[in-house]
Amino acid sequence: MSATGAPEAGPIDGAAGLRVAVVAARWHEPVMDGLLAGARRALADSGVRAVTVVRVPGAFELPVAAARLAAARPAAAGGRFDAIVALGVVIRGGTPHFEYVCQAATAGLTEVATRTGIPIGFGVLTCDDERQALDRAGLPGSDEDKGYEAAAAALATAVALREFWA
């Protein structure tokens, strides 16, 4: 199970007052509803009230949306957002499309984070089937809540890097 060794999920100390954008895909609506609810819960648990949600068609579109939202610098340095949470799901099919979309989303989000210095919580599920996605979506009966985890990771990183923003 992918959760083995994961840090305990919970509120992030020092995150209250951060401004966060959540960019979420629309594909696989039940899974996305769970991921988005989990991210919202993590943000609320950590005292984050300034949340902007942007919906895009799919995981492939997440990097361009994150790049626009990042505005090249964190809010503490005069930008708009301190952290971004990217949520999506890609389910393997019978063509190489899965690999292309997963690689593009991963590389694109990594590039935006490293170029701008704005933490991006990676909540893009890459699953072999719908059952795996549902098990990770934070829905009733799910084994994991990857939306919550992605938001918590973005917040924890933003808090850890706050002293380096100028």
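Begin by selecting helix H5 (residues 146–161), which lies across E1, E3 and E4 and runs at about 150 degrees to E3; contact here means heavy atoms within 4.5 Å, and angles run from 0 to 180 degrees between N-to-C directions, with axes fitted to C-alpha atoms, for helices over the stretch in contact. Helices (H or I, at least four residues) and strands (E, at least two) are DSSP runs numbered from the N terminus.

This is a predicted model, in which local features need pLDDT of at least 70 and side-chain atom pairs count only at pLDDT 80 or more, while totals for chains, interfaces and linings use all residues. Residues are numbered from 1 along each chain as its sequence is written, and side-chain values use heavy atoms, with hydrogens and water left out.

Next, select helix H1 (residues 29–45), which lies across E1, E2, E3 and E4 and runs at about 160 degrees to E3.

Now show the strands themselves: they form an open sheet of 4 strands in the order E2-E1-E3-E4, with parallel pairing, where two strands pair if DSSP finds at least two bridges between them. Strand E2 (50–56) and strand E4 (120–127) stand at the edges, and each has a single partner strand, so one side of each is left without a neighbour in the sheet. Neighbouring strands of this sheet are turned by 10 degrees against each other on average, direction ignored.

Zoom in on strand E1 (residues 19–25), which runs parallel to E2 and is joined to E2 by 7 bridges; at arginine 19, the bridge partner in E2 is alanine 50.
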